[in-house]
Amino acid sequence: MKYLMLICDDNPDEPSPDDIVASPDFVVWQADMARRGIVHDGQRLRPARYARTVRVRDGRVIVTDGPFAETKEQIGGFELVECADLDEAIECAAGHPAAPWWSVEIRPYLDV
């Protein structure tokens, strides 16, 4: 089953996204995920100040600066994983090097 892991930055003080990506833990995690064939895509995202939210209401396009959600946590990146089940997805998220500082939200794909 496919899952989207949202890496949510709720503690911007430490470490920086650059620190995490450059850390040996991240290199080891990425290698393990690649060996197991789990991660299919992943990317860091620009800070929330670059976000735009688009809505269409009564045929009008409305563009708002910033993210839709008014929250302390902001999505800093994502990983697209394919796991046997939710337990394996949780294990992968718990092992992500950002998990000790930030949160990792897991969303299963909706199979239609």
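Some ground rules. Residues are numbered from 1 along each chain as its sequence is written, side-chain values use heavy atoms, and hydrogens and water are left out. Because the model is predicted, local features need pLDDT of at least 70 and side-chain atom pairs count only at pLDDT 80 or more, while totals for chains, interfaces and linings use all residues.

I start with the open sheet. It has 4 strands in the order β2-β5-β1-β6, with antiparallel pairing. Strands here are DSSP runs of E, at least two residues, numbered from the N terminus, and two strands pair if DSSP finds at least two bridges between them. At the edges are β2 (39-44) and β6 (103-108), each pairing on one side only. β1, residues 2-9, is joined to β6 by 6 bridges, and Tyr3 stands opposite Pro108 in β6.

Next, the hairpin. β3 (residues 52-57) and β4 run antiparallel, joined by 6 bridges. Between the strands are 2 residues, and Asp58 takes a positive phi near 50 degrees. Of the 6 residues of β4 (60-65), 0 are buried, so this strand lies largely in the open. Buried means under 20% relative accessible area, exposed over 50%, partly exposed in between, with a 1.4 Å probe and protein chains only.

Last, the cysteines. How many disulfides does the structure hold? It holds 0, where a disulfide is a pair of cysteine sulfur atoms within 2.5 Å. For Cys92, the nearest cysteine sulfur is that of Cys83, 4.2 Å away. Cys92 is buried at 0% relative accessibility, and Cys8 counts as buried at 6%.
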